Protein chains: 2
Amino acid sequence: MRDTRAELLMQAETLVRGRGFAGFSYADLAAAVGIRKASIHHHFPTKVDLGAALVAAYAARYAAALETIRLDVPDGPGRVEAYGRLYLGGVEQGLGCLCAALAIEGEALPGRLRRDIAAFFADHLAWLEAILRAGQADGTVRGGADPAALARYVVATLEGALLMERLFASPAAFQGTLAVLVDGLRPR
Amino acid sequence: MRDTRAELLMQAETLVRGRGFAGFSYADLAAAVGIRKASIHHHFPTKVDLGAALVAAYAARYAAALETIRLDVPDGPGRVEAYGRLYLGGVEQGLGCLCAALAIEGEALPGRLRRDIAAFFADHLAWLEAILRAGQADGTVRGGADPAALARYVVATLEGALLMERLFASPAAFQGTLAVLVDGLRPR
DNA sequence: CGCAATCTACCTACTTAATGGTAGACAATC
DNA sequence: GATTGTCTACCATTAAGTAGGTAGATTGCG
């Protein structure tokens with residue numbers, strides 16, 4: 001019975017992604033996990049500690065998925081499409097991106113969290129830039145464009161699509177945007 | 001009809017766009033405007049009332065800007081670029097999109113607000129769809145793609161770019177993404 | 001016109017509930 | 001026997017919202 005911490009992380013992630021970081025309380029989380037409010041402080045002394053642990057776990061899960069995609073999918077557009085599909089689950093479950101939820105809080109966030117989420121995005125950008133560069137090299141991605149700029153454009157489109165299509169509860173529309181995005185990356 | 005109300009709307013918008021809807025209080029707003037907390041309730045009985053007024057004012061400002069763009073800019077890509085530049089101010093000021101900030105709150109939001117922000121996005125989508133359709137008709141936008149799908153893709157990219165580039169405080173990167181976006185709309 | 005009634009915009013002071021967080025007791029376990 | 005995890009009980013602070021009042025406009029009307 002050691003997974004209370006894991007359970008806390010899971011439920012807290014759902015709460016943040018569903019209502020924002022300022023939008024849930026330790027009382028909500030305690031109720032979701034079936035524990036007393038004070039017990040949460042044993043695992044995560046402050047809410048910021050919880051936030052940081054949340055981002056770390058979320059980033060680690062994404063990092064693993066990114067590595068899997070690189071190993072399993074050979075071509076540039078295919079990899080970006082697989083990357084985009086990682087966001088799809090959020091639309092289907094009605095949950096936004098954890099780091100987007102935190103990013104919205106912006107200036108109200110402690111610097112530590114702000115740095116963590118910036119690192120989350122920076123990781124994705126670096127991975128995508130490498131993927132796109134490789135795609136340009138092997139001819140599966142259209143050349144001419146700066147891979148770093150392309151990477152930012154890809155993350156932006158997917159984050160924005162998740163944000164909006166969650167509101168409209170429209171996985172189909174999300175997939176439509178993903179299709180437009182991936183198609184635009186192919187050589188002309 | 002004093003302009004205390006307008007001042008309240010202005011400062012509240014800054015607060016929401018900077019810290020999220022749940023991330024500020026009437027006390028914060030009162031301090032920003034230089035008024036007592038209770039006086040806010042005279043103008044906006046509840047926080048949800050304030051939120052709705054905020055969205056209405058924000059949507060109206062965008063609607064006016066959209067109309068101006070349609071009148072002033074003749075071609076499809078130019079119009080989309082002008083539309084994208086509306087977001088740029090947010091990046092420069094470190095403020096996100098008001099409706100994105102609310103959308104993040106998702107399920108915690110009263111249905112009324114959720115409907116209002118859905119309508120905000122729906123308005124933009126409808127405008128863009130018309131713009132893109134016209135662009136396809138006059139040959140300034142590449143044909144073949146569904147204008148409705150393209151419109152969703154455009155809004156998603158810009159909302160996402162604002163979200164991310166605000167975090168990185170990088171107007172240049174936002175403009176890079178906008179350039180990629182607009183370029184992809186031109187005929188090949 | 002004069003003037004009372006009403007309205008507007010703000011105030012101080014308060015309520016109720018929730019917030020994040022703490023203190024310390026108690027079992028179980030290593 | 002120390003550590004771990006949970007509990008009850010509490011704290012100070014802050015949240016949104018209310019009660020009731022006041023000074024100054026605005027209005028209705030004899």
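This is a predicted model: local features need pLDDT of at least 70, side-chain atom pairs count only at pLDDT 80 or more; totals for chains, interfaces and linings use all residues.
View 1. A rotation of 180 degrees, with 0.0 Å of shift along its axis, places chain B on chain A with an RMSD of 0.0 Å.

**View 2. T177(B) sits in a helix of chain B and touches residues of both chains.** The helix that holds T177(B) is α9 of chain B, which covers residues 171-185. With a relative accessible area of 1%, T177(B) is buried, because buried means under 20%. When residues up to four places away in sequence are not counted, T177(B) touches R152(A), Y153(A) and A156(A) from chain A, and also T157(B) and A161(B) from chain B.

**View 3. F174(B) is a buried residue of helix α9 of chain B.** The relative accessibility of F174(B) is 1%, and this residue therefore counts as buried. Apart from neighbours within four places in sequence, F174(B) is in contact with G84(B), Y87(B), L88(B) and V91(B), and also with L158(B), A161(B), L162(B) and E165(B).

**View 4. Y83(A) and Y83(B) belong to the largest nonpolar core.** In soluble globular proteins, nonpolar side chains tend to be buried together. The largest nonpolar core in this model has 136 residues, and those with the most contacts inside it are Y83(A) and Y83(B). Leaving aside neighbours within four places in sequence, Y83(B) is in contact with L66(B), I69(B), H124(B) and W127(B), as well as with L128(B), V154(B), V155(B) and L158(B).

**View 5. The largest cavity has a lining to which both chains contribute.** A search of the whole structure finds three cavities of 30 Å³ or more, and the largest cavity has a volume of about 120 Å³. Its lining is made up of 13 residues, of which Y153(A), G184(A), R142(B), Y153(B) and G184(B) are the closest to the centre. Helix α9 of chain A and helix α9 of chain B each supply at least two residues of this lining, and the largest share, four residues, comes from α9(A). Sorted by class, the lining has six nonpolar, two polar and five charged residues.

**View 6. G51(B) is buried in a helix of chain B.** G51(B) has its place in helix α4, which covers residues 47-72 of chain B, and its relative accessible area is 1%. If residues up to four places away in sequence are not counted, G51(B) touches F21(B) and L113(B). G51(B) and A12(B) are 39 residues apart in sequence, and their C-alpha atoms are 8.7 Å apart in space.

**View 7. A169(A) and A169(B) have a positive phi.** A169(A) is not a glycine, although its phi is positive at about 50 degrees, and A169(B), also a residue other than glycine, has a phi near 50 degrees. In chain A, A169(A) lies in the loop between α8 (147-167) and α9, and in chain B, A169(B) lies in the loop between α8 (147-167) and α9. A169(A) is exposed, with a relative accessible area of 57%, and A169(B), at 57% relative accessibility, likewise counts as exposed.

Notes. Residues are numbered from 1 along each chain as its sequence is written. Chains are lettered from A and ligands numbered from 1 in the order in which they are written. Side-chain values use heavy atoms; hydrogens and water are left out. Buried means under 20% relative accessible area, exposed over 50%, partly exposed in between (1.4 Å probe, protein chains only). Contact means heavy atoms within 4.5 Å. Copies are superposed by least squares on the C-alpha atoms of residues with pLDDT of at least 70 in both. A nonpolar core is a set of buried Ala, Val, Leu, Ile, Met, Phe, Trp, Tyr and Cys residues joined through side-chain atoms within 4.5 Å. On a 1 Å grid over the protein atoms alone, a cavity is a set of points where a 1.4 Å probe fits but cannot get out, and a pocket is an open set with protein on both sides within 12 Å along at least five of seven lines; lining residues have an atom within 4 Å of a point. Grid points are joined across faces, edges and corners, and a volume is the space filled by probe spheres set on the points. Ala, Val, Leu, Ile, Met, Phe, Trp, Tyr, Cys and Pro count as nonpolar, Asp, Glu, Lys and Arg as charged, and the others, Gly among them, as polar.
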